[in-house]
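Me: I have a structure to get through today. Can we go over it in short questions?

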Amino acid sequence: MIGTTEHYRAYRPRPLKPEEKEKVTLIFGGLTWKHERLMQAVLENAGYRAKPLPQIKREDLDVGKEFIDPGACCPAIFTAGNLARFLKDRVEKEGREVVKDNYVFVTAGACGPCRFGQYHESYERVLEGTDLRDFRLFLVDILKMEQEEGGLEITTSLTLGLLYAVFMGDLLTDMEYATRPYEVKEGNTERVLKESVELAYESLRKKPVVEGKWKSLAWHILTSHFVKTLRDIAELWKEIEVDRLRVKPKVKITGEFWLQTHEGEGNYRIKQWLEEEGAEVIPPPIAVWMDYLMHMELWKMEESKDFVKRYYLKKYLLKFLIWLYHLTYNRLRRSLGNIPNPLPPQEELKRLADPFFHFRLAGGEGHMLIGKALYVYFNKHAHMVCELSPYGCLPNTMSAGAMQAVLGKYPDLLYAPIEIKGDAEVHALSRCQMILTEAKKRATLEFEEVLEKTGLTPEDIKNYEEENTNLKSAFLKIPHYGYAGTSANYVMYIAKKMRRV
Ligand code: SF4
């Protein structure tokens with residue numbers, strides 16, 4: 001029997017009509033619950049109904065493998081499986097027709113050599129596999145401020161609102177990880193964090209909608225709306241009591257974008273696990289990656305300046321945008337007492353990585369993986385680096401290979417590369433634990449060294465804290481005196497206050 005040939009047709013979603021805005025729910029995911037909650041607020045502010053996908057579960061990896069190429073990188077499989085699980089569940093509860101008409105999946109994409117440029121292809125396989133090819137999936141270009149994706153109107157107000165959501169999500173995450181390991185009463189950080197996210201959510205949801213591209217741009221640059229919100233949030237953190245004399249190794253998380261950002265079963269809950277093992281974690285802000293993307297545009301332009309029309313105008317415009325980006329991030333940081341970490345200087349990351357990895361080898365984190373490791377090492381920002389490598393990731397394999405040369409040159413750098421493929425948790429964590437043991441020793445040595453140098457004992461410091469109870473507040477910026485650990489820097493801070501050094 002001769003069968004009929006069905007030709008391949010590229011996926012094209014049906015447009016989203018303006019009158020559908022009321023009943024359609026935009027679904028999205030891929031970040032932490034904090035970032036997603038804040039992005040939900042911005043989408044609601046723009047008049048959409050929005051809902052984050054459920055948190056990633058280990059089973060998403062198995063579900064994802066049923067639908068997409070099992071040789072794909074693990075973030076692609078996890079996120080595809082997550083979408084499939086959501087769709088199957090909704091179809092079961094609400095029926096196929098309701099799901100296809102009442103939900104729209106929005107995902108980010110960009111051009112590039114890695115799978116990030118093809119995530120939407122994987123999601124399309126999910127739609128085929130779940131018999132939902134008529135379900136709508138919109139791909140949003142993260143490098144454009146205004147665009148229209150099949151009726152999904154991405155305005156300046158929405159884009160800049162999302163940028164604030166990412167900034168606030170990053171800053172609150174930094175507050176969380178800097179506080180929780182030292183909290184005196186267990187659970188206080190979690191409680192205050194949830195309240196903070198809700199305050200930020202309301203602030204974003206109720207932000208004024210300023211019409212017009214330029215007016216909206218000006219409002220988002222000049223507004224103190226979010227600064228005020230963060231100042232209110234700061235009041236909540238002041239109430240948390242901490243004990244900074246707990247000696248903890250500081251662990252900087254690096255690696256592939258999705259894996260390092262994620263907080264859950266998709267990366268063996270590595271950040272939570274490290275805290276349970278007695279470490280303080282430095283989480284990676286999403287803002288660093290966006291800063292990297294903007295710098296990449298600048299460096300590429302500089303390299304090919306002879307072929308760029310109006311080169312100087314474009315170059316200084318982009319430099320101005322980057323300056324504005326940092327200015328805004330730092331303004332928000334200041335509202336939280338400068339406790340969240342500053343963004344690392346991109347030029348410096350590139351310079352440090354340069355002998356080992358050319359910046360034009362883009363894809364994934366590119367040269368940043370090496371640049372960040374060397375940056376924290378030389379500046380003593382952490383005792384060790386834990387790098388999360390996804391199984392099946394080409395860019396990461398290249399950076400991890402080059403990292404061997406870095407470690408050959410700087411054998412003192414404590415580096416724990418963890419391969420994440422979903423089913424080798426014990427192996428990965430035990431490997432991390434070996435390096436963590438060494439990091440703990442370094443943190444203790446450093447703490448003892450600073451006690452000796454200042455002539456203080458932990459009892460002296462406790463007594464001083466009793467007389468100055470504000471020192472026990474989580475809302476206190478401890479300057480960096482060249483030690484990696486919080487407790488060592490804290491001892492030096494107290495010694496200076498007591499005029500011992
Ligand atoms: S960087 Fe690697 S893990 Fe991330 S999307 Fe690209 S290929 Fe996949």
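Reply: Below we take the model, a sheet, a helix, the ligand and a few single residues in turn.

Me: What kind of model is this, and how are residues numbered?
Reply: It is a predicted model, where local features need pLDDT of at least 70, side-chain atom pairs count only at pLDDT 80 or more, and totals for chains, interfaces and linings use all residues. Residues are numbered from 1 along each chain as its sequence is written.

Me: ok, the sheet. What order do the strands come in?
Reply: The order is β8-β7-β9-β10, an open sheet of four strands with parallel pairing. Strands (E, at least two residues) and helices (H or I, at least four) are DSSP runs numbered from the N terminus. Two strands pair if DSSP finds at least two bridges between them.

Me: Which ones are the edge strands?
Reply: β8 (280-282) and β10 (415-420), each of which pairs on one side only. On average, neighbouring strands of this sheet are turned by 25° against each other, direction ignored. The axes behind such angles are lines fitted to C-alpha atoms (for helices over the stretch in contact), and angles run from 0 to 180 degrees between N-to-C directions.

Me: How many bridges does β7 make with β8, and how many with β9?
Reply: Three bridges join β7 to β8. β7 (residues 250-255) and β9 (residues 384-390) pair over five bridges. Towards β8, K250 has E280 as its bridge partner. Towards β9, K252 is opposite V385 and I253 is opposite C386.

Me: Is β7 mostly covered or open?
Reply: Mostly covered, with six of its six residues buried. A residue is buried if 20 or more other C-beta atoms lie within 10 Å of its own, exposed if 12 or fewer, and partly exposed in between, with C-beta atoms placed from the backbone. K250, K252 and T254 are on one side of β7, and V251, I253 and G255 are on the other.

Me: New topic. Why does the span of α3 agree with its 21 residues?
Reply: Helix α3 (residues 74-94) should span 30 Å at 1.5 Å a residue, and its end C-alpha atoms are 30 Å apart, so the two agree. The expected span is 1.5 Å times one less than the number of residues. Of the 21 residues in α3, 15 are buried.

Me: What follows α3?
Reply: G95, which has a positive phi near 95°.

Me: Which residues come nearest to the ligand?
Reply: C73, C114, R115, G364 and C393, out of 15 around it. Here near means that the C-beta atom, placed from the backbone, lies within 6 Å. α16 supplies the largest share of that shell, three residues. α3, α10 (257-261) and α16 (394-409) each give at least two.

Me: And which domains does the shell draw on?
Reply: At least three residues come from each of domain 1 (18-154) and domain 2 (242-446). Those bounds come from an automatic or database domain assignment.
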